[in-house]
Amino acid sequence: MTKSGVVGQIQRAMSYETDMNSSVLGAAKSQLRSVMKQRLANITQESIAAQSAKVFDSVSGFKPYVDAKRVAVYLSMPGGEVQTDSIVRHALSSGKQVFVPYLHKSGLRPSDGPARLMDMVSLRDIEDYQSLQRDKWGIPSVDATTVNERLRSVGELDGKRSEDVSLDLILMPGVAFDVDPQTRAIRRLGHGKGFYDYFLHRYALAASAEEKTSDGRPAVLLYALALKEQLLSPSSGESVPVGPHDQPIDGVFLGDGQIKESAKDGAN
């Protein structure tokens, strides 16, 4: 993929983001993130550990995960979200190819796209995973000097191209989730940086026809991991604000052991 081609892709991504980032929608998302930040700060580490263990049990017995050969999973912050250490270790010890987020400079001008993008890069083994150094947020991070030695899920931006690697399952973080009352689709509120939105858009553009479903979406499954407090109840009067281009996810694993999944007709 040439750099000019990627610029065009990201410009298209940015154009559809314009609708999402209307002042009303943006304010609603910011307000909910603020509420959730305070709510999550009050959850004890003991509760997070117990809920993370339940999520691990659900994920490790989930057939699409069991059958998956290539799994992408976020590396967790020390608090405020489901911890993924046990999932990463289990996936690696099960012989799966495990991909984790890697944030890098895009090399694009401000008018062409974001300064930083997220890609998914492979871990070699458990020793490689254990060697990752934590960043200022306490998240284990891939060393930029090792990226060229790793498989990547989307081609490079500088005109060079690694062989794009298709993924079977992506396990994502989020701030809040709910179920759309009309479509029964699971809706996700991210952290507001757009990393996953841009990554999924680039991934979809890079996917071959054989890697897409009948509705044109990439065949990769999108599931989130969430503490039970992150699922908004209809009775609370709270809901996840979405725009016309917000893509619902396939499901969410919850810290109480439940797996909520989007209705089939709500995922289109």
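Reader: Which helix gives the most to the lining of the second largest pocket?

Author: In this predicted model, H2 gives the most to that lining, with 6 residues.

Reader: What makes up the lining of the second largest pocket, by class?

Author: The lining has 7 nonpolar, 7 polar and 4 charged residues.

Reader: Why is Arg184 called partly exposed?

Author: Its relative accessibility is 45%, and the term covers values between the 20% under which a residue is buried and the 50% over which a residue is exposed; Arg184 therefore counts as partly exposed.

Reader: Where does Arg184 lie, and what is its phi?

Author: Arg184 lies in the loop between E7 and E8, two strands that form a hairpin with 6 residues between them. Phi of Arg184 is near 65°, which is a positive value in a residue other than glycine.

Reader: How do you know that strand E7 and strand E8 pair?

Author: Pairing requires at least two bridges between the strands, and strand E7 (residues 176-179) and strand E8 (residues 186-189) have 4 bridges in the antiparallel sense, so the two strands meet the requirement. In one of these bridges, Ala176 has Leu189 in E8 as its partner.

Reader: Why is Leu103 called partly exposed?

Author: Leu103, placed in strand E2 (residues 97-105), has a relative accessible area of 31%; since buried means under 20% and exposed means over 50%, Leu103 is therefore partly exposed.

Reader: What is Leu103 in contact with, leaving aside its neighbours within four places in sequence?

Author: Leu103 is in contact with Arg116, Leu117, Met118 and Phe195, once those neighbours are left aside. Leu103 and Ser141, which are 38 residues apart in sequence, are 8.8 Å apart in space, C-alpha to C-alpha.

Reader: Which residues have the most contacts inside the largest nonpolar core?

Author: That core has 55 residues, and those with the most contacts inside it are Met120, Leu167, Ile170, Leu171, Phe199 and Leu225. Strand E9 (residues 221-226) gives the most to this core, with 5 residues. Apart from this core lies another, of 7 residues, among them Met36, Val175, Leu232 and Val240.

Reader: What does Ile170 touch, not counting residues up to four places away in sequence?

Author: Ile170 touches Ala72, Met120, Tyr196, Phe199, Leu200, Val220, Leu221, Leu222 and Tyr223 on that count.

Definitions and conventions. Residues are numbered from 1 along each chain as its sequence is written. This is a predicted model: local features need pLDDT of at least 70, side-chain atom pairs count only at pLDDT 80 or more; totals for chains, interfaces and linings use all residues. Side-chain values use heavy atoms; hydrogens and water are left out. A nonpolar core is a set of buried Ala, Val, Leu, Ile, Met, Phe, Trp, Tyr and Cys residues joined through side-chain atoms within 4.5 Å. Buried means under 20% relative accessible area, exposed over 50%, partly exposed in between (1.4 Å probe, protein chains only). Contact means heavy atoms within 4.5 Å. Ala, Val, Leu, Ile, Met, Phe, Trp, Tyr, Cys and Pro count as nonpolar, Asp, Glu, Lys and Arg as charged, and the others, Gly among them, as polar.
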